[in-house]
Amino acid sequence: MDAVVAALPAVASRTLVEALEPPETVLAVADEAPPDALAHAIRRALAIGRATAVEAREAVFRERGMDRYAARLIEAVLE
C-alpha cells in the first residue's frame with residue numbers, strides 16, 4: 001500500500017493483492033513468479049503512468065481514508 005499512497009504503479013504477489021485489495025495500479029503476479037513474468041508485469045506497471053496512479057490513490061483515500069473510517073465507526077456505535 002506504500003506504493004499506492006505514493007501514487008506509484010506497483011507489482012505484488014497475488015496473495016498480497018488478494019489480501020489488500022489494492023487499486024488496479026497494483027498488478028498481481030504469481031507468488032512464485034519466474035523472472036520473465038516479473039519483467040512483463042513491471043513493464044505493464046510502468047505503462048500505467050503517474051496520472052492514473054494519482055487517480056487511484058485519490059479513490060483509495062475516498063473509499064478507505066480516515067474520514068470514511070471514522071464515519072463508519074460512528075455509525076456502528078450509534079446503531
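This is a predicted model: local features need pLDDT of at least 70, side-chain atom pairs count only at pLDDT 80 or more; totals for chains, interfaces and linings use all residues.
Biologist: Why is Arg57 called buried?

Modeller: Arg57 lies in helix H4, residues 50–64. Its relative accessibility is 19%, and buried means under 20%; Arg57 therefore counts as buried.

Biologist: Which residues does Arg57 touch, leaving aside those up to four places away in sequence?

Modeller: Arg57 touches Val4, Val5, Ala6 and Ala7. Val4, for its part, is in contact with Pro22, Pro23, Val26, Arg57 and Val60, its neighbours within four places in sequence being left aside.

Biologist: Why is Leu16 called partly exposed?

Modeller: Leu16 belongs to helix H2, residues 14–20. Its relative accessible area is 41%. Buried requires under 20% and exposed over 50%, so Leu16 falls in between and is termed partly exposed.

Biologist: How do you know that the span of H4 agrees with expectation?

Modeller: H4 has 15 residues, which at 1.5 Å a residue should span 21 Å. The expected span takes 1.5 Å times one less than the number of residues. The end C-alpha atoms of H4 are 21 Å apart, so the two values agree.

Biologist: What puts the buried residues of H4 on the same side?

Modeller: The buried residues in H4 are Ala53, Ala56, Arg57, Ala59 and Val60. They cover an arc of only 165° around the axis, and therefore lie on the same side of H4. These buried residues pack against helix H1, residues 2–5. On the other side of H4, Ala51, Glu55 and Arg62 are exposed.

Biologist: Which residues make up the largest nonpolar core?

Modeller: The six residues of that core are Val4, Ala10, Ala12, Val17, Val26 and Val60.

Definitions and conventions: Residues are numbered from 1 along each chain as its sequence is written. Side-chain values use heavy atoms; hydrogens and water are left out. Helices (H or I, at least four residues) and strands (E, at least two) are DSSP runs, numbered from the N terminus. Buried means under 20% relative accessible area, exposed over 50%, partly exposed in between (1.4 Å probe, protein chains only). A nonpolar core is a set of buried Ala, Val, Leu, Ile, Met, Phe, Trp, Tyr and Cys residues joined through side-chain atoms within 4.5 Å. Contact means heavy atoms within 4.5 Å. The arc is that of the directions from the helix axis to the C-beta atoms.
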